[in-house]
Amino acid sequence: MTSGENQTFQEVRTVERSNFAAAGQISSYYKNVLKKLGVHSGVVRRVAIASYEAEINLAIHSWGGSMALTIYPDRIHLLIQDVGPGIADVDRAMQEGYSTASEEVRMLGFGAGMGLPNMRRCSDAFEISSAVGAGTTVNMDFNLLQEQPQEQ
Amino acid sequence: MPIKQLYHSVKLEKDKCVGCTTCLKRCPMECIRVRNGKASILYELCIDCGVCVQICPHHAKVAQTDSINSIFRFEHRIALPAPTLYGQFRNVPSVDNVMSALLRIGFNDVFEVARAADIVSATMRDLLKTTTVRPLISSACPAVVALIQIRFPELLPNVANVLSPKEVAAMLAKKEYSKAHGVPIEEIGAFFITPCPAKMASIHSGRSTYVDGAISIQDIYGLLSSNLKHEVPEFIRQKPHASWQGVNWANYGGECAALRRNNLLSVDGIHNVIHVLEEIENGRLDDLEFFEGSACTGGCVGGALVFENPFVARNSLRKLIERMQVGDAQAAAELELPPDEVLMMQPWGPRPSITLSDNISDAITMMDKIEGLTKTFKGLDCGSCGSPTCRSLAEDIVKGYATELDCVFKLKEKVEALARQMVDLTNLY
């Protein structure tokens, strides 16, 4: 929690490995926070999709990790970190339709290979770094000032 | 465009309210607070779904509707029965008997809303062929539309710009009646026989141009029951009737069934609807063609203003539908109205109501305080403080509507601390 003087809001939450029962709770929480802050609905939707994909990715692929949301008056920053196993070929993982998800996970309706590409598509800035054995870090930014409010 | 004060049907009868937390805990919008021992509704969040009306054990939550006497302010009166009405009576031989009963209680004519539902179904089928919006979201349930306006504004472009069947029914009924009897439209009153408060609210919220009022099914159930056995007038028999698919709109899934497509989803119960809208919001259902959400369990048959048990009503409707001619009545209905008349001129706009502040910096500061405060509560969401959850209490405190000591656990801590201080004081002397 940062001080109110800097006018930022930060909330860090952890995601457990394979906990599908809780999947979606964090993105749902983000949506509620952003709507209460009066963030434009188009941005809310993009954050919703990106954070949901991140949450599912953590549950499916990682050994556990965390999601940190920081809201500034002009942008939203999302930091996704996990403790492993790391991605061997990041470029390939960024390709649409490429997935290493197990058959079991696909049976749940996940693992279409759209997770990372969707995150990149929905965010205004996207950065990923990963090393096998060290885990994966994703940074995403969403601008708040560009989109004009919808006409009523 | 002037912003109209939104009308709401759901009201509190203060005398009957004992300040329990039943409605507080079940309201899907978390828009009820118990303050000073009585419930109060935060109307900017209320969608008139009627959940509180249905569950209040003290009948303190009521739905305001127009009285049957109010129809007599018009010289010419048309009843617009929701198809749900047909399912209220056990063993009624046909829809004609229900229509005749409506004439006997004071209406001059009847226009089946189910017939308009046939027209709306046809319009929706056309729309699905041309639009690229996925999923298209039904606009039939006004509580679900209000929910989207408040909580899911980013999904508003997905909501079909199609008039509701009651609106189409009123428009057609007045035109037909005016032509047949040579009276001006203004002298004709069209009254919807409503199963729920949400439809009452939608009629009086300024979006309705042709419906003049809504009569609760519960209010006229007794009157109608005693008038079902009379002979059916010839002009009622001769009327074009709704197809079974139009009548089936009373059940959840009825609208989807009339669309003749494969990739459709119908969901009933407001909490279930919220879950599925979240899935749509997360981009998980982008391949879905159509989504039909009904706030009430079972669809309109489960409305807060019906008389019959919704499951019994569903069965009565099924029996009625089986007796109906399963012909292609909707094909005839389609001829009566060009589809563009069924489309709305004004698209659905958001109902901005849940933001903390107009200034994002202020809002961020407030959110920070809310989050911090929430963590100091036990998280039982007991409702004893009068807010539905610990988080909502934190929000109420930051907004200045409540204090920390409204929390019984915080109060207990405070009393304990005070007691300790008093003991300490007595030990001094």
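Modeller: Helices (H or I, at least four residues) and strands (E, at least two) are DSSP runs, numbered from the N terminus. This is a predicted model, where local features need pLDDT of at least 70 and side-chain atom pairs count only at pLDDT 80 or more, while totals for chains, interfaces and linings use all residues. Residues are numbered from 1 along each chain as its sequence is written, and chains are lettered from A and ligands numbered from 1 in the order in which they are written.

Colleague: Thanks! How many helices and strands does chain A have?

Modeller: Chain A has five helices and five strands. Starting at the N terminus, their order is β-α-α-β-β-α-α-α-β-β.

Colleague: And how much of chain A is buried?

Modeller: Of its 152 residues, 37% count as buried. A residue is buried if 20 or more other C-beta atoms, placed from the backbone, lie within 10 Å of its own.

Colleague: Why is α2(A) largely enclosed?

Modeller: Because 20 of the 21 residues of α2(A) are buried, the rest of the structure largely encloses this helix. Helix α2 of chain A covers residues 41-61 and reaches 30 Å from first C-alpha to last, close to the 30 Å expected at 1.5 Å a residue. That expected span is 1.5 Å times one less than the number of residues.

Colleague: Switching to chain B, what is the strand order in the open sheet of four strands?

Modeller: The order is β6-β5-β8-β9 in chain B, with parallel pairing. Two strands pair if DSSP finds at least two bridges between them. At the edges are β6 (109-110) and β9 (213-216) of chain B, each pairing on one side only.

Colleague: How many bridges join β8(B) to β9(B)?

Modeller: Four bridges join them, and the two strands run parallel. Phe191(B) stands opposite Gly213(B) in β9(B).

Colleague: New topic: how many residues does each chain bring to the contact?

Modeller: Chain B brings 22 residues and chain A brings 26 residues. Two residues are in contact if their C-beta atoms, placed from the backbone, lie within 7 Å. On the side of chain B that touches chain A, α12 (270-281) and α15 (360-376) of chain B each supply at least two residues. The most comes from α15(B), with 10 residues.

Colleague: Last one: which domains does chain B have?

Modeller: An automatic or database domain assignment gives domain 1 (1-64), domain 2 (68-133 + 157-254 + 298-342) and domain 3 (359-429). The C-alpha centres of domain 2 and domain 3 of chain B are 51 Å apart.

Technical notes
Buried ≥ 20, exposed ≤ 12 C-beta atoms within 10 Å, placed from the backbone.
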